Amino acid sequence: MVRVRFAPSPTGYLHIGGVRSALFNWLFARNNGGVYILRIDDTDIERNKKEYEDDILNSFKWAGLEWDEFYKQSDRADIYEKYLKELLDSNKAFWCYHTIEELEAEQKEQAAKKEAPRHVCHFKYNQRSTPNHPAKARATGQATNGQRQDRIIRLAVNENSTRILHFEDEIRGIVEWEERLIGDFSLAKDLKTPLYNFTTVIDDFELGISHVIRGEEHISNTPRQLLIYEAIDKPVPKFAHLPLILGTDKSKLSKRNSAVPIADYKKDYLPEALINFLGFLGYTYSKEIISKEEMAKEFDLKKVHRSGAVFNTDKLNWINSQYIKSLSANKLVSLSAFKNVPDKAIPLITERLEKLSDVQNFDYFWKEPEYDRELLKWKKSTLAKSVETLTEVKKVLEEFDFEKSKDELRKLLDDFSEKKGDRGLVYWPFRVALTGRDKSPDPVDVAFVLGKEKTLERVRKALLNFT
């Protein structure tokens, strides 16, 4: 049975890359009738925060990525300790007592020799074979030259191995490493404080994970995890590493180019739109506007792209605009961004809206505009001419019955424009008088939202400001 998981750590707010990984896991599970697990990897006691965990859970609910099972690593400490003890008892893992200073010196020596950085630890061998090693005393609890007695648990790796570790990535094909270059890596700080690679393997086995679908940046963790699976003598799941998300400049996504917490997107984007957009970051579907349920029906791991996926904000905005246009007036009014919007203005706004927060660009529908003297002047004329024309537009409005249609008012203004020989000279000052902006819906449409009284009030106010 297909069982997948998304396992964020509550050491920071959930970012866009994490949601993309979560979505692809969700799509794969739903396509295969499998189980989708959310697991909070909260073993980093020093950096974990409740607010980060709450952000993860709230973001999942907002995005509609409902999970089938939920776990927290902090509830599973006894399981990790059991496996650590078994590895220590079987000599597959060992206590390392090297100091930070010794490890740093080892790294410098390897760098000078242009060797792969790794720790080859003397403590994985029987201490009787190296009776005079300075760390021997620390292993038996004796201090030497005032050095600390810190220790960690490492996995014993054969530095003389000629074996090639490999796995077949469901997206990338065969990936290989030389075992001898990995070194004796850390499993836990102590029996009560396991580290990432170890807890990930134990949980993935214990929870029956069939496929590990995660970002490309985790490829470097895989050889260590393969060795842990081997050490505990458990079957290895299938791996699939998703392409990196890139900025429009093709660099790795960062805070500078959209890698911000998912919460920052909530004020501007509908969850369905963001999920639709993220689904295309590494995959191609049959249509551009597509629900996550429709995506799940088409999803195939082997069709995920290998190359980096560009985070194109313009594309996200376009997708979001399509979802906004499809919403009912009641749904739009329920969104916080639309609290002040008159019902009549909603169609005019939504057909032009890309981001929800941009509703504020249409605030002239519910608040008085401020006027820029230079803005009233039509670019092909003078301020005096613009004021003169707006005065004549005012007379047309005063005589017009707003019970009639918009088209009738528009025809009157069009006829007036023909006499003036310049359509812009008529409509531009009218637009500025109603909105105080250089961009807006057709001023006739705006006038019919405001009504005759408010429209004339604004035109008169504008004339007072510009004369």
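Domain bounds here come from an automatic or database domain assignment. On that basis the protein is divided into domain 1, residues 262-300 plus 312-349, and domain 2, residues 369-465. Taken over C-alpha atoms, the centres of domain 1 and domain 2 are separated by 34 Å.

Some housekeeping. This is a predicted model, with residues numbered from 1 along each chain as its sequence is written. Local features need pLDDT of at least 70, side-chain atom pairs count only at pLDDT 80 or more, totals for chains, interfaces and linings use all residues, and side-chain values use heavy atoms, with hydrogens and water left out.

Confidence next. pLDDT is the predictor's confidence in each residue, from 0 to 100. The protein averages 91, and 94% of the residues score at least 70. Over residues 127-149 the pLDDT is below 50, and beyond near neighbours in sequence this stretch has 26 contacts in the model (heavy atoms within 4.5 Å). Where pLDDT is low, the predicted coordinates should not be read in detail.

On a 1 Å grid over the protein atoms alone, a pocket is an open set of points with protein on both sides within 12 Å along at least five of seven lines, while a cavity is a set where a 1.4 Å probe fits but cannot get out; lining residues have an atom within 4 Å of a point. Grid points are joined across faces, edges and corners, and a volume is the space filled by probe spheres set on the points.

The largest pocket holds about 1200 Å³. It is lined by 43 residues, and the closest to its centre are A7, P8, S9, E217 and H218. Helices (DSSP H or I, at least four residues) and strands (E, at least two) are numbered from the N terminus. Helix α1 gives the largest share of this pocket's lining, five residues.

What about the largest cavity: which residues line it? They are L14, V19, S59, F60, A63, L65 and I262. Its volume is about 30 Å³, and helix α2 (residues 50-63) supplies three of the lining residues, the largest share.
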